[in-house]
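Trainee: I'd like to learn how to read a structure like this one. Can we go through it together?

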Amino acid sequence: MAGPQAGRVVNAMTVDVEDWFQVQAFAGVISREQWDGMPRRVEANTEMFLQMFADAGVKATFFTLGWVADRHAALVRRIVAEGHELASHGYWHRLADGQDVATFREDVGRARRVLEDVGGVAVRGYRAPTFSINTRNPWAFEALADEGYMYSSSVFPIRHDLYGMPDAPRFAHKVGAGRLMEIPMTTVRLGGRNFPCAGGGYFRLFPYALFRAGLRRFNGEGGSSGVFYTHPWEIDPGQPRVSEAPVMSRFRHYVNLGRTRARIVRLLRDFAWDRMDRVFSL
Ligand SMILES: [Zn+2]
């Protein structure tokens, strides 16, 4: 039944391309003014993903920061040249729900223009930093459509201390007066509650077999395609340690970094994957 080919649901493999010092967990101790002085590791780590995907014959979607594209043009061009989808993670990695509409539009518009200039392809997808589209900023969807985007993959339909929109739909749906598609992070529903099954810290923390069972269960719900997300810094145990950050932030950022690469290689084998625009016919 679980043969490698026949009838497998294809899931969306996605990477949020940002460096280790740009994450929300360290925003309180590393300012944006300091970014240019930090040792950059995003290019080498993203190249490792490109190699893993090439070895597995998988195409993925890379939600890339405009800031990174401005400094790593060769990397962006390689993502495109190898057949992956280039998409946007905003310019400055600012929380979407921490901005007003005008500032948000400026950031996502700038990111799209930079990515399209550097990559030479149309950029249609957007992922909000830290899944920061929720009930506080429903205007974000129409703002994205106004700035030329066709889809967003920004909502996490769970309850979490930092993000989440627990009552949001769990499957792809139209938003922003029908002008945009939202592809939410994958969740498993148990006992009337949604549990995350999409990647990131949870994927590193819990046993791999649990994640695999969750994604299989989701795929079994009417043949629905799931979404997996990861980051270049998640396969980089050698990154500098930020000792000034709060203990919970450090735990979430550093847990099991050394095991993640092998786990993702397994994941690439155990499921069928493709770029988000193709999986969801966008
Ligand atoms: Zn991010």
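Trainee: Which helix gives the most to the nonpolar patch?

Mentor: Helices are DSSP runs (H or I, at least four residues), strands are E runs of at least two, and both are numbered from the N terminus. Here helix H8 (residues 247-254) gives the most, with three residues. Bear in mind that this is a predicted model, where local features need pLDDT of at least 70, side-chain atom pairs count only at pLDDT 80 or more, and totals for chains, interfaces and linings use all residues. Residues are numbered from 1 along each chain as its sequence is written, and side-chain values use heavy atoms, leaving out hydrogens and water.

Trainee: Is Val247 buried or exposed?

Mentor: Buried means under 20% relative accessible area, exposed over 50%, and partly exposed in between (1.4 Å probe, protein chains only). Val247 is found in helix H8, and it counts as exposed because its relative accessibility is 63%.

Trainee: And why does Ser153 count as buried?

Mentor: Because its relative accessibility is 0%. Ser153 sits in the loop between strand S5 (151-152) and strand S6 (173-175).

Trainee: Which residues are the protein donors of the zinc ion?

Mentor: Donors are N, O and S atoms within 2.8 Å of the metal (3.2 Å for Na, K and Ca); water is not among the atoms, so sites may look incomplete. In this model they are Glu18 (OE), His89 (NE2) and His93 (NE2), 2.0 to 2.1 Å from the zinc ion. Both His89 and His93 are buried.
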